[in-house]
Amino acid sequence: MSGIWVDGFEYSAFFEGARSWNDVSRLAFDPDQERTWLSAKDGANLPVDQNSSGLDYKVYRLEIVGKRSLCAFGYGHSGGSEREVWAEQIISITPLETVQEPRTSTVR
């Protein structure tokens, strides 16, 4: 399967079938959007950014061999994702960009 993976501090969202950040930019941080958490089996070696400030999110294009969860449930950090994909093998991974979560509240 292939798609866009957005990865950040306590956050992981995989958008199967997407090809670019533009395909998912409005969905990635929408609290009403069903999210798919991406996990990796031992040996699949997804990148880990040790220098992240916690505000930055890395965007990657992935092609993986993996499995999808069969039912909606609380996956990922604090059970915040409805679905999960387990990467068993990374076929290709291409870093695309680094983005920041848009501010969702305004101060008046």
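Tutor: Happy to! What you see is a predicted model, in which local features need pLDDT of at least 70 and side-chain atom pairs count only at pLDDT 80 or more, while totals for chains, interfaces and linings use all residues. Residues are numbered from 1 along each chain as its sequence is written, and side-chain values use heavy atoms, with hydrogens and water left out.

Let's look at strand β1, residues 2–8. Strands here are DSSP runs of E with at least two residues, and helices are runs of H or I with at least four, numbered from the N terminus. Because 6 of its 7 residues are buried, β1 is largely enclosed by the rest of the structure. Buried means under 20% relative accessible area, exposed over 50% and partly exposed in between, with a 1.4 Å probe and protein chains only.

Now for its partners; two strands pair if DSSP finds at least two bridges between them. β1 runs antiparallel to β2 (residues 11–16), joined by 6 bridges, and V6 stands opposite A13 of β2. The hairpin of these strands has 2 residues between them, and E10 there takes a positive phi near 55°. β1 also pairs with β4 (residues 56–68) in the antiparallel sense, over 6 bridges; S2 has E63 in β4 as its bridge partner.

V6 turns up again in the largest nonpolar core, of 13 residues, among the members that touch the most others, with Y11, F15, W21, A28 and F29. Such a core is a set of buried Ala, Val, Leu, Ile, Met, Phe, Trp, Tyr and Cys residues joined through side-chain atoms within 4.5 Å. β1, β2, α1 (21–24) and β4 each supply at least two of its residues, and β2 gives the most, with 3.
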